[in-house]
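Please open the structure in your viewer and keep a selection panel at hand. The tour below moves from one selection to the next and says what is found at each stop.

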Amino acid sequence: MRYLEVGEIVSTHGIKGELKVKIITDNLERFKKNNKLYLGDNKEIVTINSSRTHQGMMLITINNLTNINDVLGYVNKMLYIDRDEEIDKDAIYFDDLIDCKIIVNDNEVGVVKDVYDLPQGPLLEVKLNECNNGKEVIKLVPYVSEFIKETDIENKKIIVTPIEGLLWSLTF
């Protein structure tokens with residue numbers, strides 16, 4: 001099983017067992033009634049009984065718990081989904097992109113070390129192969145169709161067509 005974080009329980013809300021969740025997903029359907037999530041490090045299965053948004057957070061009740069004292073132990077725990085249970089099997093997640101090779105003109109020029117989720121769109125942190133007298137060079141590459149021509153998750157490759165200056169001033 002591959003677990004993906006979808007939220008973090010940051011506090012309780014009221015006295016009737018509601019939990020305040022910081023949302024870490026763009027798919028709020030994951031918090032619908034009767035959906036199952038995995039809780040904490042031991043991945044305890046919990047069932048959503050109710051959910052609603054409130055001031056940029058999600059308020060949920062789980063496992064038919066209706067008293068604040070029953071849910072206090074869940075504060076500061078993460079909520080997960082099982083990636084293998086996802087409906088959209090073709091979806092690409094940020095963790096899929098990490099460690100992908102960056103290919104430019106059939107040459108491997110670097111590897112993705114991290115992905116940042118920005119309002120303008122995802123940004124890949126790429127560690128370039130040795131090309132600067134042995135010094136580590138990191139470049140940021142927008143994950144947009146203007147630059148990313150193909151993403152092959154199975155083979156861990158991303159084919160990039162950079163504009164001048166995007167990946168240093170390297171010629172390949």
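In which strand does Ile-23 lie? Select it and you will find Ile-23 in strand 2, where helices (H or I, at least four residues) and strands (E, at least two) are DSSP runs, numbered from the N terminus. Before going further, note that this is a predicted model, in which local features need pLDDT of at least 70 and side-chain atom pairs count only at pLDDT 80 or more, while totals for chains, interfaces and linings use all residues. Residues are numbered from 1 along each chain as its sequence is written, and side-chain values use heavy atoms, with hydrogens and water left out.

Stay with Ile-23, which is partly exposed at a relative accessible area of 24%; here buried means under 20% relative accessible area, exposed over 50%, and partly exposed in between, with a 1.4 Å probe and protein chains only. Not counting residues up to four places away in sequence, Ile-23 touches Val-6, Leu-28, Gly-56, Met-57 and Met-58, contact being heavy atoms within 4.5 Å. A C-alpha to C-alpha distance drawn from Ile-23 to Leu-59 comes to 10.0 Å, across 36 residues of sequence.

Next, zoom out to the whole chain, whose secondary structure comes to two helices and 12 strands, running from the N terminus as β-β-β-β-β-α-β-α-β-β-β-β-β-β. The C-alpha trace spans about 65 × 25 × 25 Å along its principal axes. The radius of gyration of the chain is 20 Å, whereas a compact globule of 172 residues would have one near 16 Å (taken over C-alpha atoms, with the globule rule being 2.2 Å times the number of residues to the power 0.38).

Now select Phe-31, Leu-37, Ile-60, Tyr-74 and Leu-79, the residues with the most contacts inside the largest nonpolar core, which has 19 residues; such a core is a set of buried Ala, Val, Leu, Ile, Met, Phe, Trp, Tyr and Cys residues joined through side-chain atoms within 4.5 Å. The elements that give two or more residues to this core are strand 1, strand 2, strand 3 (36-39), strand 4 (44-54), strand 5 (57-62) and strand 6 (78-82). Centre on Leu-79 and, leaving aside neighbours within four places in sequence, its contacts include Leu-4, Val-21, Phe-31, Leu-37, Val-46 and Ile-60. For the second, separate core of 17 residues, select Ile-102, Val-115, Val-126 and Val-160, which are among its members.

Move to Gly-17, in the loop between strand 1 and strand 2. Gly-17 is buried, with a relative accessible area of 1%, and, residues up to four places away in sequence not being counted, it touches Ile-60, Thr-61, Leu-65, Thr-66, Asn-67, Ile-68 and Val-71. Asn-69, 52 residues from Gly-17 in sequence, lies 7.5 Å away, C-alpha to C-alpha.

Two further loop residues deserve a stop. Asn-64, in the loop between strand 5 and helix 1 (68-71), is exposed, with a relative accessible area of 62%, and its phi is near 60°, a positive value in a residue other than glycine. Asp-99, found in the loop between helix 2 and strand 7 (101-104), counts as partly exposed at 46% relative accessibility, and its phi, near 75°, is also a positive value in a residue other than glycine.
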